[in-house]
Amino acid sequence: MNRKKLLIHRSMLADLEQHLDHPEITMLVGARQSGKTTILKKLEADVRKKGVKTLWLNLDFEDDYRHVSSQGALLQKIRLELGNQTGIVFMDEIQRKENAGLFLKGFYDQGLPWKLVVSGSGSMELKERISESLAGRKRMFELSTVSFGEFVDFRTEYRYSGRLREFFQVETARTDQLLREYLMYGGYPRVVIANTHKEKTAIINEIYRSYLEKDIVSLLKVEKSESFTNLVRLMASQSGKIVNYSELAATLGISVATVKNYLWYAEKTYIIWKVLPWFTNVRKEITKAPVYYFCDVGLRNFAAGSFGVLSGNDVGFAFQNLICALLKERYSLADTTINYWRTKDKAEVDFVVRRGATITPFEAKYSGMKKIEIQRSFRGFIDRYKPNRGYIINLIHTESAMLDNTEVFCLPFWELLFEDRF
């Protein structure tokens with residue numbers, strides 16, 4: 001298959017299309033190289049086919065940037081291209097505009113007939129300052145790298161779109177091959193499309209260096225930060241493990257406060273996710289040590305020096321990282337949190353999903369289980385909190401069992417893609 005001729009279909013496109021009917025600004029954010037420009041170009045092409053007039057401005061280009069020197073300059077450009085008719089104005093790399101939040105707010109508040117769709121990298125200026133300025137005037141969409149479901153659709157050339165569960169059930173060997181490929185290389189679009197390991201390595205290196213040398217240098221206001229780079233490498237080597245801030249600080253030769261600050265920046269720029277411990281007492285939850293996972297398992301592997309390789313315990317950590325991503329994709333509502341659970345005697349459960357008053361434990365097992373096995377830690381959580389359901393997520397096995405009044409399901413990882421199981 002010549003993958004370069006095939007476009008990766010992103011599920012978020014439908015949500016973006018639906019929001020075009022709303023007056024609020026449509027704001028698309030995400031990690032560098034996650035595919036924001038590509039998805040907006042597809043969106044623009046689709047609406048133009050329907051006869052909608054559009055204007056595209058990429059603020060990375062000086063010729064386009066001059067049209068946002070003032071709100072008046074932007075109005076002149078829009079009227080030149082669109083006239084007084086309704087239309088859609090796409091503005092890519094909006095974070096390049098100084099005080100972009102206030103600029104967009106002033107433009108929006110004029111009640112003009114043009115819909116604004118803006119995008120930019122996950123810089124602090126876009127995620128925090130612009131967002132605050134546009135309170136009540138925008139909806140923010142966060143684009144991740146290519147998800148496992150999107151990856152499988154692409155790699156099977158969309159022959160099984162809408163029928164992936166049937167594919168997974170029948171093509172078990174192919175499913176395992178695709179899982180291993182995804183666990184090795186992750187979901188950055190350019191990495192997915194690249195045909196060889198050499199190409200993939202060169203691309204992920206470029207993405208990684210670009211992030212460290214552009215985003216982080218800009219945010220930290222320093223020319224070079226070896227401490228930040230080394231921290232990312234350390235976090236990659238212990239992804240999914242409980243963080244000890246003091247140990248990290250001592251290893252890096254920086255303060256605990258700096259470690260926490262750097263991790264905060266890495267989280268806000270879509271490199272890592274923070275997962276807090278589960279407590280019924282919320283005060284304890286926010287003060288105890290978290291664990292971190294990488295937003296893209298391929299970037300995690302590259303930082304850890306294992307890009308394109310799966311071996312030993314590393315594959316288990318990579319699989320756990322994937323399960324975290326699948327859970328975050330599934331449980332993205334505001335009233336839902338994803339935590340981990342661990343006791344003083346080191347009993348632990350990988351993930352605890354809390355939706356309102358409902359709690360559900362999940363355990364990730366990179367294993368082709370032949371029968372359901374409920375470990376002591378999982379039993380301990382169920383005994384203590386008595387959830388209605390619990391899940392053991394593995395490679396291939398399907399089974400269920402009752403433990404007191406809790407139904408425990410053993411399910412293949414790909415079932416997390418489908419709503420009817422949860």
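## A buried asparagine

A polar contact is a pair of N or O atoms within 3.5 Å; within protein, one must be able to donate a hydrogen and the other to accept it. In this predicted model, the side chain of Asn 339 makes such a contact with the side chain of Thr 337, at 3.1 Å.

Asn 339 sits in strand 8, which covers residues 336-342. Is Asn 339 buried or exposed? Its relative accessibility is 2%, so Asn 339 counts as buried. The cut-off for buried is under 20%.

## The nonpolar cores

The largest nonpolar core holds 109 residues. Met 91, Phe 148, Phe 228, Ile 323 and Phe 413 have the most contacts inside it. Helix 11 supplies the largest share of this core, nine residues.

Another core lies apart from the largest one. This other core has 16 residues, including Ile 372, Phe 381, Leu 403 and Val 408.

## The second largest pocket

The second largest pocket has a volume of about 650 Å³. It is lined by 32 residues. Closest to its centre are Gln 33, Gly 35, Lys 36, Thr 37 and Thr 38.

Which elements give two or more residues to this lining? They are helix 2 (36-49), strand 4 (114-121), helix 10 (189-193) and helix 11 (197-220). Helix 2 gives the most, with five residues. By type, the lining residues of this pocket divide into 13 charged, 11 polar and eight nonpolar.

Technical notes: Residues are numbered from 1 along each chain as its sequence is written. This is a predicted model: local features need pLDDT of at least 70, side-chain atom pairs count only at pLDDT 80 or more; totals for chains, interfaces and linings use all residues. Side-chain values use heavy atoms; hydrogens and water are left out. On a 1 Å grid over the protein atoms alone, a cavity is a set of points where a 1.4 Å probe fits but cannot get out, and a pocket is an open set with protein on both sides within 12 Å along at least five of seven lines; lining residues have an atom within 4 Å of a point. Grid points are joined across faces, edges and corners, and a volume is the space filled by probe spheres set on the points. Helices (H or I, at least four residues) and strands (E, at least two) are DSSP runs, numbered from the N terminus. Ala, Val, Leu, Ile, Met, Phe, Trp, Tyr, Cys and Pro count as nonpolar, Asp, Glu, Lys and Arg as charged, and the others, Gly among them, as polar. A nonpolar core is a set of buried Ala, Val, Leu, Ile, Met, Phe, Trp, Tyr and Cys residues joined through side-chain atoms within 4.5 Å. Buried means under 20% relative accessible area, exposed over 50%, partly exposed in between (1.4 Å probe, protein chains only).
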